Amino acid sequence: MHHKESADFENNILNQVPGLLACVDKKGSFVYLNDSAVAAFGFLNKDEAIGTRMENIRCKAVENADHWGKQNQEVTENNTSVKVLDIAPYANNKILTLITNKSPTYNPQNNQIYVIAHCTEISHALLINISMAIANSDKKYRTNRNINQRSYQISNRFDKKKLSVRELECLFYLIRGKIVPDIAIILGLSKRTVESYVVSIKNKFHCNSKSELIEAAIENNFINFIPHSLLYKNMINISIGLE
């Protein structure tokens, strides 16, 4: 098979992958998009899209470009995959809720050169309601420019403060205005156990009060972070906890 035929074959196969598929280089420029991604980002065709930087996509989701860049940086620097929850208006102002998996990809010399993102649209009503509940829960911390859209990273590992999974879960709810008794009920823990987690979190952040802790957590981007354990193992608790 000739090189052009092989490339055409590979593109046709990739284009049949369900959902949005996009690949960017370390500078944040697109090197590949399938037809679904081309349409969602507002491009007329692939030729217009290839070589364009993420901050120049043709839809209002462009306001998440800074978050996407930071997520891609984590992928490349830590050589790891990350999961992301995106809520934003894409082409024709259609709001999509997307679960995205971002992974490093390599050339034949095993040098990491790209980040590939595969986005699956959430269409199930419960998941959409949960996503919107999360978005509404932290809107008071958002600027007017991006009040209606989000890009959340989903993981149980967030190395900035070396928090445990349970500490991450507690902090998620603390940021969103929940008090210790509420968090204990939501997570199925005793009040004393949650209090011990909160004390540990404060120590790791070097904070003396809840308000200081929330301010520091937001400054360290924990507001754009969802513990994987909550979204996948405890979805009903997220729904109840954020009503």
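Predicted model: local features only at pLDDT ≥ 70, side-chain atom pairs only at ≥ 80, totals over all residues.
Let me begin with helix 7, residues 180-187, whose buried residues are Val180, Ile183, Ala184, Ile186 and Leu187, buried meaning under 20% relative accessible area with a 1.4 Å probe and protein chains only. These residues cover an arc of only 165° around the axis, taken from the directions from the helix axis to the C-beta atoms, and they therefore lie on the same side of helix 7. Helix 7 is followed by Gly188, whose phi is positive, near 70°.

Residues are numbered from 1 along each chain as its sequence is written, and side-chain values use heavy atoms, with hydrogens and water left out.

Turning to the helix pair, helix 6 (residues 165-175) and helix 8 (residues 191-205) pack at an angle of about 90°, with their axes 9 Å apart, and the two are therefore roughly perpendicular, a term that covers angles of 65 to 115 degrees. In the contact, defined by heavy atoms within 4.5 Å, Arg166, Glu167, Cys170, Leu171 and Leu174 of helix 6 meet residues of helix 8 including Val194, Tyr197 and Phe205.

Finally, the strands, where pairing requires that DSSP finds at least two bridges. Strand 5 (residues 112-121) pairs in the antiparallel sense with strand 1 (residues 20-25) over six bridges, with Val24 opposite Val115. Strand 4 (residues 95-106) is also antiparallel to strand 5, over nine bridges, and the two form a hairpin with five residues between them, where Asn110 in the turn has a positive phi of about 65°.

Conventions. Axes fitted to C-alpha atoms, helices over the stretch in contact; angles between N-to-C directions. Helix = DSSP H or I, 4+ residues; strand = E, 2+ residues; numbered from the N terminus. Parallel < 35°, antiparallel > 145°, perpendicular 65-115°, else oblique. Buried < 20%, exposed > 50% of the residue type's maximum accessible area, 1.4 Å probe, protein only.
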